[in-house]
Amino acid sequence: MACGLILPPVMEDLGEALASFGLTVSTTPDKGRCLLATRDFSPGEVIISQEPYVSVPNNSSTLRCDRCFMSSNLKKCSACQIPWYCGSTCQKLQWKEHKLECQALVGAGKERRNHLTPTIRLMIRLYLKRKLQKEQIIPTTAMDNYSLVEELVDHMSEIEEKQLVLYAQMANLVNMILQLPDVSIKDNAQNFSKLACNAHTICDSELRPIGTGLYPVVSIINHSCAPNSVLMFEGRLAVVRAVEHISKGTEVFISYIETAGSTATRQKTLKEQYLFTCTCPCCMKVGLQEDVQESAILEGYQCLNGSCNGFLIRNTDDKGFICQKCGCIRNKVEIQEIAIELKSLEDMASRTLASGNYQDACSIYKAIEPLQLKLCHSYSINLMRTRENLLKILMELQDWNGALTYCRLILPLYQRVYPSIHPLLGLQYYTCGKLEWLLGETKSALKSLTKAVDILRITHGINTTFMKDLLFRLEEARAEAAYRKTSIDAISSV
């Protein structure tokens with residue numbers, strides 16, 4: 001790889017720190033900075049881990065500790081009434097940083113505090129940590145300093161004017177709260193743009209979003225739609241693990257987005273959210289026959305011939321779509337009529353689900369499913385999302401048999417759109433195994449839990465509470481299966 005660009009001093013210092021991980025910072029003319037492996041990494045091996053420079057929990061119904069993100073035994077800061085802490089330990093560990101934040105929030109008044117979003121709180125913490133490190137109240141390291149934040153890409157020249165105006169308004173609110181003389185609205189707006197491009201959504205072990213954090217070193221890792229590593233979180237600690245063998249000299253990649261979807265969809269998402277065009281091997285296939293076929297299957301229409309599972313391409317007269325397998329033509333008007341009906345039902349289902357009315361939402365999604373089966377290919381992403389919603393709803397309704405049915409229906413779709421080592425696929429096997437165990441299907445549960453462990457031990461490691469629980473369930477299933485086999489053998493021998 002051609003890496004001839006000169007690194008600034010802060011990156012040279014970082015490079016020395018990363019040497020202990022078996023990594024180095026490099027640069028490429030087309031993608032800028034990147035992380036290269038200076039040794040081999042095996043699947044499941046930790047490539048790098050990093051605490052956030054700043055982080056904040058989400059605004060959600062589930063409250064979380066501002067430091068460790070746990071959700072039990074919480075008490076609110078008595079002064080500013082904003083952050084929650086799980087106990088005195090976390091509160092004391094964060095006190096040096098929260099002390100200034102607390103004073104600023106109290107001084108800002110209740111009305112301004114009511115307008116605080118997680119992003120604005122993240123920005124406030126960013127400047128306060130910079131101040132504390134500059135005054136040497138809290139330490140700096142090669143992997144934890146504001147200079148690394150300054151090196152992050154902001155893409156300001158590519159942002160639309162409407163978004164720039166929003167950043168300026170948010171920057172003005174931050175300035176009114178902090179009242180720091182060395183923070184300009186321009187620099188503040190630039191940092192909001194950096195957060196938009198570089199901050200990571202912190203998720204729990206089941207990939208549910210719980211917060212946002214800025215990880216300047218992890219942010220150096222470039223995107224690929226077929227990454228060789230995966231970013232997971234243990235509390236707020238970011239952990240990057242290899243999902244395949246990574247040879248010395250190879251660039252480390254993670255995925256910034258949900259990769260299930262066509263190349264065009266992925267490209268659009270990356271351009272809108274991260275302001276770049278992906279040139280990974282998957283995206284270089286755009287427009288090729290293989291890519292056209294995959295896009296038509298994932299986001300296109302079902303052949304009207306019930307015995308055919310072909311994919312449809314728009315006809316040259318633009319009046320319909322023709323199956324590339326059997327030649328059957330599907331009328332454009334008929335497709336539009338079903339699509340309009342589906343859109344109406346999907347909007348209704350989304351509103352009903354958001355209101356917490358699971359029973360009615362379940363009924364609407366079950367009305368959507370046959371329409372999608374009529375309109376879309378059997379491997380459609382939209383059909384997959386509908387079944388995901390039905391699974392979640394049926395779990396909430398404690399309809400375990402129904403949930404297991406949809407869990408099994410989703411698995412073939414996941415197997416098609418995700419690589420064999422992917423956390424979502426592993427979690428789906430885990431859910432399937434738990435439901436099978438609950439319903440007394442021990443043999444099936446053993447198979448599902450084994451598959452879950454085979455994947456998740458690579459993506460999640462084996463030392464977290466989540467993985468220890470999964471391994472315990474697997475041992476339980478093995479013991480139960482062995483006991484049942486022994487009982488059957490004993491009966492058979494009589």
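**Figure 1. Helices H11 and H12 are roughly antiparallel to each other in this predicted model.** The angle between H11 and H12 is about 160°, and angles over 145 degrees count as roughly antiparallel. H11 covers residues 332–354 and H12 covers residues 358–375, and their axes lie 9 Å apart. The two helices cross in the left-handed sense. Sorted by residue class, the contact of H11 with H12 holds 16 nonpolar residues, together with three polar and five charged ones.

**Figure 2. Strands S13, S14 and S15 make an open sheet with antiparallel pairing.** The strand order in this sheet of three strands is S13-S14-S15. S13 and S15 are the edge strands, and each of them pairs on one side only. From one strand to the next the twist averages 30°.

**Figure 3. The hairpin of S13 and S14 has five residues between its strands.** S13 (residues 312–314) pairs with S14 (residues 320–323) in the antiparallel sense, over three bridges. Across this pairing, Arg-314 stands opposite Phe-321 in S14. In the turn, Asp-318 has a positive phi of about 60°.

**Figure 4. S14 and S15 form a hairpin, with five residues between the strands.** S15 comprises residues 329–331 and is joined to S14 by three bridges, the two strands running antiparallel. Two facing positions can be followed here. Phe-321 stands opposite Arg-330 in S15, and Gly-320 stands opposite Asn-331 in S15. Gly-327 in the hairpin of S14 and S15 takes a positive phi near 85°.

**Figure 5. The model has one cavity of 30 Å³ or more.** The space in this largest cavity is about 60 Å³. Its lining consists of Gln-94, Glu-97, His-98, Glu-101, Arg-125, Leu-128 and Lys-129. By class, four of the lining residues are charged, two are polar and one is nonpolar. Helix H3 (95–108) supplies at least two residues of the lining, and so does helix H5 (118–134).

**Figure 6. Helices H3 and H5, which both contribute to the cavity lining, are oblique to each other.** The packing angle is about 125°, and the axes of H3 and H5 are 10 Å apart. H3 passes H5 in a right-handed crossing.

**Figure 7. Helices H14 and H15 are roughly antiparallel to each other.** H14 spans residues 400–417 and H15 spans residues 423–438. Their axes come within 9 Å and cross at roughly 155°. The cut-off for the roughly antiparallel class is an angle over 145 degrees, and H14 and H15 are therefore placed in that class. The crossing in which H14 passes H15 is left-handed.

**Figure 8. S1 and S2 form a hairpin with three residues between them.** S1 (residues 23–28) and S2 (residues 32–37) run antiparallel and are joined by six bridges. One of the facing positions is that of Val-25, which stands opposite Leu-35 in S2.

**Figure 9. Strands S4, S8 and S7 form an open sheet with antiparallel pairing.** The three strands are arranged in the order S4-S8-S7. S4 (54–57) and S7 (200–203) stand at the edges with a single partner strand each, so one side of each has no neighbour in the sheet. Direction ignored, neighbouring strands of this sheet are turned by 30° against each other on average.

**Figure 10. S7 and S8 run antiparallel and are joined by four bridges.** S8 comprises residues 209–214. In this pairing, His-200 stands opposite Gly-213 in S8. S7 is an edge strand of the sheet, with a single partner strand.

Key: Residues are numbered from 1 along each chain as its sequence is written. This is a predicted model: local features need pLDDT of at least 70, side-chain atom pairs count only at pLDDT 80 or more; totals for chains, interfaces and linings use all residues. Side-chain values use heavy atoms; hydrogens and water are left out. Axes are lines fitted to C-alpha atoms, for helices over the stretch in contact, and angles run from 0 to 180 degrees between N-to-C directions. Angles under 35 degrees count as roughly parallel, over 145 as roughly antiparallel, 65 to 115 as roughly perpendicular and the rest as oblique. A crossing is left-handed if the near helix is turned anticlockwise from the far one by less than a right angle, and right-handed if clockwise. Ala, Val, Leu, Ile, Met, Phe, Trp, Tyr, Cys and Pro count as nonpolar, Asp, Glu, Lys and Arg as charged, and the others, Gly among them, as polar. Two strands pair if DSSP finds at least two bridges between them. On a 1 Å grid over the protein atoms alone, a cavity is a set of points where a 1.4 Å probe fits but cannot get out, and a pocket is an open set with protein on both sides within 12 Å along at least five of seven lines; lining residues have an atom within 4 Å of a point. Grid points are joined across faces, edges and corners, and a volume is the space filled by probe spheres set on the points.
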